[in-house]
Amino acid sequence: MIRILLVDDHPVVREGLRGMLAAEDDLEVVAEAGGAAEAVAAVRAHEPDVVLMDLRMPGGDGVEATSRVLVQRPQTRVVVLTTYDTDADILRAVEAGAAGYLLKDASRAELAQAIRAATRGETVLAPSVAAKLVSRMRSPVELSRREIEVLRLVARGRTNAEIGRELLISEATVKTHLLRAFGKLEVSDRTAAVTAALERGILPSPGG
């Protein structure tokens, strides 16, 4: 039997997943958790083979919980199961050590197959997620010199007004550069833009 821990902050989602997986003879849900800290504790108590991990939860996100789970029990496979498929979310989960990334519209058969594949040590990705990763590798983002300068100062905690004064441009121009960078990086806020730029190597790492 493959022992499974369900991690999601919505009880109705966990109930639905438990019902789906109950129909599979070789899969057994041994525990549930509603948050990141609870998930780590449940892994320690139940030693599951696979964790189905939601991304957005109270008390820490699924990526943080994935890292903590794998430090504690490296042989456990974590498969992210979420409604979010942004580039930044996918990369963060993979870099944290997730064995797979599925979307919540997956069928019962797809979910069961993914759990079995993860147990075998394979990487499992939803088709749309795999397509995003391939597209990203083929089409690297190119920011202008000014957009990079603006993001570099954002990363240092500067406000738009402070950035404008330092670069001798208007605050409106700073906003324009930021919006263009957001579009290229496929993000919607300053923090996500800096994170994406760091992940892509556009900005140097803080320690670099």
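Hi everyone, let's start with Asp-89. Leaving out residues up to four places away in sequence, Asp-89 touches Leu-55, Arg-56, Tyr-84 and Tyr-101, where contact means heavy atoms within 4.5 Å.

A word on the source. This is a predicted model: local features need pLDDT of at least 70, side-chain atom pairs count only at pLDDT 80 or more, and totals for chains, interfaces and linings use all residues. Residues are numbered from 1 along each chain as its sequence is written, and side-chain values use heavy atoms, with hydrogens and water left out.

Back to our aspartate. Asp-89 sits in helix α4, residues 87–95. Helices (H or I, at least four residues) and strands (E, at least two) are DSSP runs, numbered from the N terminus. Is Asp-89 buried or exposed? With a relative accessible area of 7%, Asp-89 is buried. The cut-offs are under 20% relative accessible area for buried, over 50% for exposed, and partly exposed in between, with a 1.4 Å probe and protein chains only. Which side chain does the side chain of Asp-89 make a polar contact with? The partner is the side chain of Arg-56, at 2.6 Å. A polar contact here is a pair of N or O atoms within 3.5 Å; within protein, one must be able to donate a hydrogen and the other to accept it, and residues adjacent in sequence count only if both atoms are side-chain atoms.

You'll find Glu-24 in the loop between α1 (11–22) and β2, and at 14% relative accessibility it counts as buried. Its side chain is joined to that of Arg-116 by a polar contact of 2.7 Å. Setting aside residues up to four places away in sequence, Glu-24 touches Arg-108, Ala-112 and Arg-116.

Now let's zoom out. The protein has 10 helices and six strands, and 44% of its 208 residues count as buried. Its C-alpha atoms fill a box of roughly 65 × 30 × 30 Å along the principal axes. Of the contacts with a separation of 6 or more, 64% come from residues 24 or more positions apart.

On to helix α2, residues 36–46. Its buried residues are Ala-36, Ala-39, Val-40, Ala-42 and Val-43. These cover an arc of only 160 degrees around the axis, which puts them on the same side of α2; the arc is that of the directions from the helix axis to the C-beta atoms. What do the buried residues of α2 pack against? They meet β1 (2–7), β2 (27–33), β3 (50–53) and α3 (62–72). On the face turned away from the buried side are the exposed residues Arg-44 and Ala-45.

How do α2 and α3 pack? Their axes are 9 Å apart, at an angle of about 20 degrees, which makes α2 roughly parallel to α3. From α2, the contact uses Ala-36, Ala-37, Val-40, Val-43 and Arg-44, and from α3, Ala-65, Arg-68, Val-69 and Gln-72. Axes are lines fitted to C-alpha atoms, for helices over the stretch in contact, and angles run from 0 to 180 degrees between N-to-C directions. Under 35 degrees counts as roughly parallel, over 145 as roughly antiparallel, 65 to 115 as roughly perpendicular and the rest as oblique.

Helix α8, residues 160–167, has Asn-160, Ile-163, Gly-164 and Leu-167 as its buried residues. Seen down the axis of α8, they fall within an arc of 100 degrees, so they line one face of the helix. Those residues pack against α7 (145–155), α9 (171–185) and α10 (190–199).

Finally, some backbone. Most residues other than glycine have a negative phi. Just after α2, though, Glu-47 takes a positive phi of about 50 degrees. Glu-47 lies in the loop between α2 and β3 and is partly exposed, with a relative accessible area of 46%. After α8 comes Leu-168, with a positive phi near 60 degrees. Leu-168 belongs to the loop between α8 and α9 and is exposed, at 76% relative accessible area.
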